[in-house]
Amino acid sequence: MAATTVAETVPPPPRTALRSRRALVIGLVVAAIVALHAVAWSKTEFSPHALIHGWHGMVDFVSQAWPPDFSWDDVLHPGLNAALVTLCIGLLGTTFSIPFAGALAVMGARTTAPNIVVYQASRSTMSALRAVPDVVFALIFVTAVGLGPFPGVLALMVHNTGVMGKLWSEAIEETDLGPVEALRTNGARGAQVVSHAVLPAVVPQLVGLLLYRFDVNVRASLVLGLVGAGGIGFLINQSIQLFRFDQMLTYILIVLVLIIAVDQLSAFVRRRLA
Amino acid sequence: MAVAVQRDRHPGVEADAPLAIAGLRKSFGERTVLDGIDLTVRRGELVAILGANGSGKSTALRCVVGLATPDAGSIRIEGREVVGAHGDSLVAARRQAAMIFQQIHLVRRRNAIDNVCSGALGRLPLSRSLTPVLFPRELRQEAMACLHRVGLADRAGERVSRLSGGQQQRVAIARALCQRASILLADEPVSALDPAAAEQVFAVLADLARNEHLAVAAVLHQPDLARRHADRLVGLLHGRIAFDAPPSEVSDPQCDALYAPERGAA
């Protein structure tokens, strides 16, 4: 009985069927995405067939690497030392980029930029620093200061300034503007608004992003080792060139432990901050 | 003089009051929000501004503190014209008016006293204000006095996020006091609060008007709360003043008319 009353008095729910124009747009977007993937498939010469036929190549490779060479003096000890260098490159590269990334982030966030010119200049600088891969920066700095971990630190510092600056500026833009508005009305100036309204609200997010970048940079410093910027990446490269895949496997296991440790640490700290 | 002419056209506006608004107009695109508002807030009085959503109440307050720019009209803060003014004199005049927001707008991760101190930023040099550690000792004492004034001296060291909504709004009032403003503007300060907290906040505002001789204007949606605490009720309808009189002279039907459904014609 109640049901019939409802049916009589309540208007029917709006139809959920897609309107034809919207359906057309969605259809076109899906078609475009599929086409793009088809192009990508052919451009990358993607071929499951080749992979299935060449599987024994991989088995050969792995069988040469097994068992890993754990000799202390020749492999494990230098490997651990080099891993420490890799960690240090990532650490300094991240830490030294903080002031530059911070300044660019504040000037490159719509909510805190002093004016449109500074905002655009800051955005462009960060884009340029992101566009040049850290490996290229490493090669450039190697020509200046020679091979070793130092050019690696410089390369990460410069590249990370661009990436972290962008991440930070986005975090700043997402913060609640209320306290900013409140302080502006009582006569506070730009730097005061940043230090008393913006920063206290965003610091937890900024620290989280900083830890994430540290995690990424430790992994990036591995790759930098491949181009001569020291660390365990350099040893991996060397062992491959000498066909010592058993040594290479040891280094990779060390890297695995290092990456997991850094990841666990940063995840732990980020959890505590949240 | 343009200002003198404007004053003559609005005889009810007292130019020497802390806040004197005359002929204020503001449109957002096609929509006229303020259609020639005259409003005076005198020292020592609490004026309650009533009106439906979209009647222009908040916009009027935002024009005073510079969060919105009026299209025409005059706003005089302590005798100084701020519409069309620039530079230091504008900043100095604006600092005389403090705003309290519906969403409170405190920095939630900082403690109450640091938030109150931030009300003084406008008069502090950067070297004494870049972080709370640099705040002068006298400022901290003044901030404690402001917190004491709103009854929260015992919560000074507590993070704002741990205080209740009503307490947070009173910290925001203390921040406005620390600004040393002579005009207190409150934009729906109790809309998010329970009745008891709302009563408490309005008691504080009325007390500050009467005993500290501040000029207080508060926008709110509760006519009964306004009647209990305000010296004057101002009703806004379609961007114009519908009434401006002491509570005893405003009838309930007059108040109800502000919120009547037919107002939707605008």
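The model is predicted: local features need pLDDT of at least 70, side-chain atom pairs count only at pLDDT 80 or more, and totals for chains, interfaces and linings use all residues. Residues are numbered from 1 along each chain as its sequence is written, while chains are lettered from A and ligands numbered from 1 in the order in which they are written. Chain B contains nine helices and 10 strands (DSSP runs numbered from the N terminus, with helices being H or I of at least four residues and strands being E of at least two).

**Overall form of chain B**
- The radius of gyration, taken over C-alpha atoms, is 18 Å for chain B, close to the 18 Å of the globule rule for 266 residues, so chain B is as compact as a globular protein of that length. The globule rule is 2.2 Å times the number of residues to the power 0.38.
- The C-alpha trace of chain B spans about 50 × 45 × 35 Å along its principal axes.

**Burial**
- Of the 266 residues in chain B, 48% are buried (20 or more other C-beta atoms lie within 10 Å of the residue's own, with C-beta atoms placed from the backbone).

**The six-stranded sheet**
- In chain B, six strands form an open sheet with mixed pairing, in the order β6-β7-β8-β3-β9-β10; two strands pair if DSSP finds at least two bridges between them.
- Its edge strands, β6 (97-100) and β10 (240-245) of chain B, each pair on one side only.
- Strands β7 (residues 183-187) and β8 (residues 215-219) of chain B run parallel and are joined by five bridges.
- Ala186(B) stands opposite Ala218(B) in β8(B).

Conventions:
A residue is buried if 20 or more other C-beta atoms lie within 10 Å of its own, exposed if 12 or fewer, and partly exposed in between; C-beta atoms are placed from the backbone.
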